[in-house]
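The following paragraphs lead the reader through one protein structure, beginning with a single residue and ending with the chain as a whole. Please keep the sequence and the model in view while reading.

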Amino acid sequence: MNMKKSEATKLQKEKAVFFDLNDESLYLASRLFHENLSSEIAFVCDKSFTIFDSTKDYLKAIKADVYAAERMNLTKSEIAKLLSDDSRVFFLSSDSERNLNLCLAFMEAAKAAGVHTKNPLSLYLSCTAKDAEELLTAKCNELHMNFNTYVVKTPALIAHSLLNKFLPIDALKVNTENALVEEDFNLMLLGFGQIAREIFFNLYMTGRFSKSKFNAEIIDANASYNSKNIAKKFPGLVKDANLSFSEQDVNKSEFVLYLQKNILNKNVFAVALGSDELNVKTANLISGIASSLLKDKKITILCSIWNAKNAAGLLASTDTVTIIPFGTFDEIYTPDVLLGDKFEKSGKIVNEYYNSRKLDPYKMKNWNFMTTHDRDSNIYVAIFNRSFIKLIGEEKFAEFKTEEDFKSFMQSNPNLLENLARTEHRRWMAFLYAAGWDVLPLSDGLIANKDENLKLHTCLVPFSELAKVSELFNEDYIQYDKDNVMTIFELNKNLSQK
């Protein structure tokens, strides 16, 4: 999804075609219409689908055409009429498998209809299948047609929307004199489906600090299986974080007793059980119990909500309980997210900044050719920069007017610099652990500090052990972490400006 803001004029000439008539598609279509980003809008639905009068009025307001077809199989003439240069076709139903099958069938239909456009057609589908991109590429090759295909990974977008509202440091006590978090991050995650897993990994990658533990209890019906699966796929993470899995049914009275017993040792609850109704009910249950039991302690409840209307059912935040709804489709199914680069933009800025500091042009990285892993690395550097500023103190950080001011302050406070470097090292380790990496043990025969194929790295050790790795490879890895701390000011400046 590489469209830039400067391409807005180009979008005005484009058609937007939506397969399935649902709230998500209607919302995006409305945004495209009102922001003048599409010249024509059309929906394709099954003949048996009932369109209510209120929806008809909505479609009329955005001047959208509707094509009703048996099993959504359009005729060749209908396909030819719908498609033109720069058309964008969307498959955004809540059924991932359906979206993929409809998209593949559409590609075949476009080929059979003899569609020829000057520019490749752009196809957007919400799909969580791991092999979706490979299947789409294979279909393009099979048909000898050039489509621009974009797999919308909705669970990941939901997790990113959460980090825009909440970071783990927001729920923790911070000592800005020493740039240290003074308590552990104690999470109870309710659910472990696709959205819940994304939430877990994002909280973990942004919740590792020097002298602070990351503790997570995961409530899930398949706790035993998920526990073994996580241990197998993420061995480094399991050693770094304190994880526990518990099989509980949130609909039973026993769960109320379980919450009453365990609520005092948690500071964050994340609820992602699969439906808005159940999420709201469970979040309110936690809030009610917390309000009755907590006195001097505060907790945060993160509640996954898909339809913003359902957030109205959440209890209001109190002095002891903060409730944060996140992940509504009107936050993520927007032009700047699906057609633009909202969640990637910060990563691009970090990459540009890193490139500007490299003297050797051959070491510079082009964003368009970077791996997903390398892109994500830059994105999470940008996200964590906000936590570094909180560790330093937002008021203190605001006093720095230039990069020289910031660096001078850090150099005159070596203890502060080392604590931030220790947190930077933990942040980096957590990112690799969440990608399935583990430590590469030191040995006399080692000639490289990492094995990318096996996902092993010698630097995945505590900060205090980095000196041994540095000695073996004649590289000062401790200084690397300190150098990264020194970029906090300029990174924030670039991120704020752009």
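In this predicted model, Ser 246 has a relative accessible area of 12%, and because the cut-off for a buried residue is under 20%, Ser 246 counts as buried. The residue belongs to strand β11, which covers residues 242-246.

What surrounds Ser 246? Leaving aside residues up to four places away in sequence, Ser 246 touches Glu 217, Ile 218, Ile 219, Asp 220, Ala 223 and Tyr 258. One of these neighbours, Ile 219, is 27 residues apart from Ser 246 in sequence, yet the two C-alpha atoms are 5.0 Å apart in space.

Attention may now turn to another strand, β5. This strand comprises residues 121-126, and six of its six residues are buried, so β5 is largely enclosed by the rest of the structure. Which residues cover its two faces? On one side lie Leu 121, Leu 123 and Leu 125, and on the other lie Ser 122, Tyr 124 and Ser 126; all of them are buried.

Strand β5 is paired with two strands, which can be taken in turn. Strand β4, residues 88-91, runs parallel to β5 and is joined to it by four bridges. Within this pairing, Phe 91 has Leu 125 of β5 as its bridge partner. Together with helix α5 (residues 96-112), the strands β4 and β5 make a right-handed β-α-β unit.

Strand β6, residues 147-152, also runs parallel to β5, and six bridges join the two. Here Leu 121 stands opposite Phe 147 of β6. To pass from β5 to β6, the chain goes through helix α6 (residues 132-143), and this β-α-β crossover is likewise right-handed.

Finally, the chain may be considered as a whole. It contains 22 helices and 17 strands. Its radius of gyration is 25 Å, close to the 23 Å that the globule rule gives for 498 residues, and therefore the chain is as compact as a globular protein of that length. The C-alpha trace spans about 70 × 60 × 45 Å along its principal axes.

How much of the chain is buried? Buried residues account for 51% of the 498 residues. The chain exposes about 24400 Å², of which carbon and sulfur atoms supply 49%. Among contacts between residues at least 6 apart in sequence, 72% join residues at least 24 apart.

Definitions and conventions. Residues numbered from 1 in each chain as written. Predicted model: local features only at pLDDT ≥ 70, side-chain atom pairs only at ≥ 80, totals over all residues. Heavy atoms only, no water. Buried < 20%, exposed > 50% of the residue type's maximum accessible area, 1.4 Å probe, protein only. Pairing = 2+ DSSP bridges. Right-handed = clockwise from strand over helix to strand, strands pointing away. Rg over C-alpha atoms; globule rule 2.2 N^0.38 Å. Contact = heavy atoms within 4.5 Å. Areas by Shrake-Rupley, 256 points an atom, 1.4 Å probe, with all protein chains shown as cover.
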